[in-house]
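These are my notebook entries on a single protein model. I record what I looked up, entry by entry, with the cut-offs attached.

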Amino acid sequence: MPLGERAGDKSDSRYCGVETEFNDDIPQLLSLNINGGFDFVVATLMDPAYRPSLKGDNDKSCDVLPFAGSDLVLSPSQWSSHVVGRISLWIDLDSEDESLRRDSEICLKQEISWASHLSLQACLLPSPKGTSCGNYARVVNQILQSLNNMQLWLRIPLEKSDDDSVNENGGLQREHTDSWEMWNSFRILCEHHSQLSIALDILPSLPSANSLGRWFGEPVRAAIIHTNSFLTNAKGYPCLSKRHQKLMSGFFNHSIQIVISGNQDQKHPLRSMDVDPNNNKNHVESVQRHPLRPYLDYVGYLYQRMDVLSEQERFELGYRDFLQSPLQPLMDNLEAQTYETFEKDTMKYIQYQRAISKALQDRVPDDDSSTVTILMVVGAGRGPLVRASLQAAEETGRKLKVYAVEKNPNAVVTLHSLVKLEGWENIVTIVSSDMRCWEAPEKADILVSELLGSFGDNELSPECLDGAQRFLKEDGISIPSSYTSYIQPLTASKLYADIKSHKDLVHFETIYVVKLHRVARLAPSQPVFTFVHPEYSTNNSNQRYKKLQFELPSDTGSALVHGFAGYFDATLYKDVHLGMEPLTATPNMFSWFPAFIPLRTPLCVRPGIPLEFHLWRCCGSTKVWYEWCATSPTASPVHNTNGRSYWLRKGDLG
């Protein structure tokens, strides 16, 4: 039974599982736990007493492996939907004992083969036994090469000690434990395989918030929380600390399933919470005997008190972590559906209207009712900025003459219909032309555009406005007046896996647009390139280069950088801003998703060692492109040399 219902949430985090001990009566085991309110069981597949080396040469009965029942005891859908296989805990493929090592390899392969035969969706692998896991990873990687769609969850304890923590005697202890290092070593040995993921063991004590944050960019599929991690509230029911509660909210928001493990704590009553989430009395009575039901009810309570997804969040669900190529507005004409999506972004046009109102008030004094302001909308699309400009004029009591310049002939058709419908024929002149080659009949007081990309300049706004500023008066106003790009290092294992799946260079040398979700932002963003309009400098060039250094917070621990998020912040006019840089982002705006700049080989960044990144904006006669590389902690190749994989075409001016 799902933990609850949240409008728009169809993620796996609605389902809660329970870890069970070996039971050769799988139907009874499943029935007990499903009727107890759980959605799936993590069940041991093989008798834990079994060892291949103990099998007698002449013992024919040993040819039948001691699995927990045949595949016929459950239906295929039950195996697939309600059972996660737990691989035997005794397995140790890096043991010094050769016999144990050999038994472990045989048994691991037998159990995974059986789980694959059952069409299980996942198997839980035991944690590596020590710091060295080379042989364990080698065997798992062998298995992954021929595995069906099943996921392998590697169990990793969520622990990281502080370097300078104080021991009980008041002295400093410098033992350093970071389970992320174990995971990183294992997944590198397995070549970042997309079917290898993580099941985090949640312990009573948690690392720092920065250390925890790393894991949300990793492929965590499940969080196993033991009953001894729970506290007891005043009424005797299980509960979690505030930090554990916050962590659980993060798991729910990132489609991570909760698994409850352990035995009922004697401090907690053997009954359910007072209120069943579905108000189903009979159901509560029928399942109240499950010893772990109080813990399940509490997890359900945490899930149900989550904020309902907003309309914007529900709109963005389908775009989360989905790689998209940026628009090429100079090379391609946008489709009606794209225009419609952008036009629904009310906040963006509110900000534009505010900026235009302020510019009109600065341009024309309040007591001057006769002056007509010449305003040009370059890249008018289907007219939202034209409407915002006229509303600003009405709001401020100023007179306008508007030129709406648009190169897309299909959008021009809509513009003509809009002008006729609204009765703007005497105010708005529609120009079907590329702004860079149009010869304006008069100069403009105000030049308005919405040509910004996710990275600010990555849809050729500088090139377009350079071509358009020749018909702006010397004291004219450009809206936006400036914009700055920002980048931020990320752990983004899902995005990396999606790019890697293409098995080519081109996809690693492309800058994407993506609604970032399952990522870890490792350090504050830093500014990169700034463009100002109008730009009258005689030696002006749109080529740029920036070297940046990032340092991870000291309590984060090591982290893997898969690439960089790109944002922008724009000054429309004076104090009116528009942007998506995390610290200054315009609220409730969805026209832009961040850019993602990938690295061909992820970089492991350790505490105290800076991450040095270089970014170039290169301009040729027909195209603009970006090149990038890292030089610390290790050097990477320069990506996208000469724009060989990804570029922005300046388009045809003919």
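**Entry 1: Glu19**

I began at Glu19, which lies in strand E1 (residues 16-19); helices (H or I, at least four residues) and strands (E, at least two) are DSSP runs numbered from the N terminus. The model is predicted: local features need pLDDT of at least 70, side-chain atom pairs count only at pLDDT 80 or more, and totals for chains, interfaces and linings use all residues. Residues are numbered from 1 along each chain as its sequence is written, and side-chain values use heavy atoms, with hydrogens and water left out.

Is Glu19 buried or exposed? Its relative accessibility is 10%, so Glu19 counts as buried. Here buried means under 20% relative accessible area, exposed over 50%, and partly exposed in between (1.4 Å probe, protein chains only).

I then looked up the polar contacts of the Glu19 side chain. One goes to the side chain of Arg86 at 2.8 Å, and another, of 2.6 Å, joins Glu19 to the side chain of Arg155. A polar contact is a pair of N or O atoms within 3.5 Å; within protein, one must be able to donate a hydrogen and the other to accept it, and residues adjacent in sequence count only if both atoms are side-chain atoms.

With residues up to four places away in sequence not counted, Glu19 touches Val42, Arg86, Leu124, Arg155, Ile224, Val259, Ile260 and Ser261. Contact means heavy atoms within 4.5 Å.

**Entry 2: Asp103**

I next located Asp103 in helix H3 (residues 98-117). At 5% relative accessibility, Asp103 counts as buried.

**Entry 3: Leu495**

Leu495 belongs to helix H16 (residues 493-500). Its relative accessible area is 1%, and Leu495 is buried. Which residues does Leu495 touch, not counting those up to four places away in sequence? They are Asp321, Leu323, Val514, Leu516 and Phe596. The C-alpha atoms of Leu495 and Ile597 are separated by 10 Å, and these residues are 102 residues apart along the chain.

**Entry 4: helix H15**

I checked burial along helix H15 (residues 461-468): seven of its eight residues are buried, so the helix is largely enclosed by the rest of the structure. The buried residues in H15 are Ser461, Pro462, Glu463, Cys464, Leu465, Gly467 and Ala468.

**Entry 5: the cavity**

I searched for cavities and found one of 30 Å³ or more. On a 1 Å grid over the protein atoms alone, a cavity is a set of points where a 1.4 Å probe fits but cannot get out, and lining residues have an atom within 4 Å of a point. Grid points are joined across faces, edges and corners, and a volume is the space filled by probe spheres set on the points.

The largest cavity has a volume of about 40 Å³. Its lining consists of Asp466, Phe531, Val532, His533, Glu535, Asn540, Asn542 and Arg544. I sorted this lining into two nonpolar, three polar and three charged residues. Ala, Val, Leu, Ile, Met, Phe, Trp, Tyr, Cys and Pro count as nonpolar, Asp, Glu, Lys and Arg as charged, and the others, Gly among them, as polar.

**Entry 6: aromatic pairs**

My search of the whole structure gave 19 aromatic pairs. The rings of Tyr545 and Trp616 have centres 5.1 Å apart and planes at 25 degrees, so this pair is stacked. Rings of Phe, Tyr and Trp (its six-membered ring) pair if their centres lie within 6.5 Å; planes under 30 degrees apart count as stacked, over 60 as edge-to-face and the rest as tilted.

Tyr545 lies in strand E22 (residues 544-550) and Trp616 in strand E26 (residues 611-619), so the pair ties together parts 71 residues apart in sequence. Tyr545 is partly exposed at 43% relative accessibility, and Trp616 is partly exposed at 24%.

Phe564 and Phe613 are also stacked, because their ring centres are 3.9 Å apart and their planes are at 25 degrees. Phe564 lies in strand E23 (residues 559-573) and Phe613 in strand E26, so this pair ties together parts 49 residues apart in sequence. Both Phe564 and Phe613 are buried.

Notes: On a 1 Å grid over the protein atoms alone, a cavity is a set of points where a 1.4 Å probe fits but cannot get out, and a pocket is an open set with protein on both sides within 12 Å along at least five of seven lines; lining residues have an atom within 4 Å of a point.
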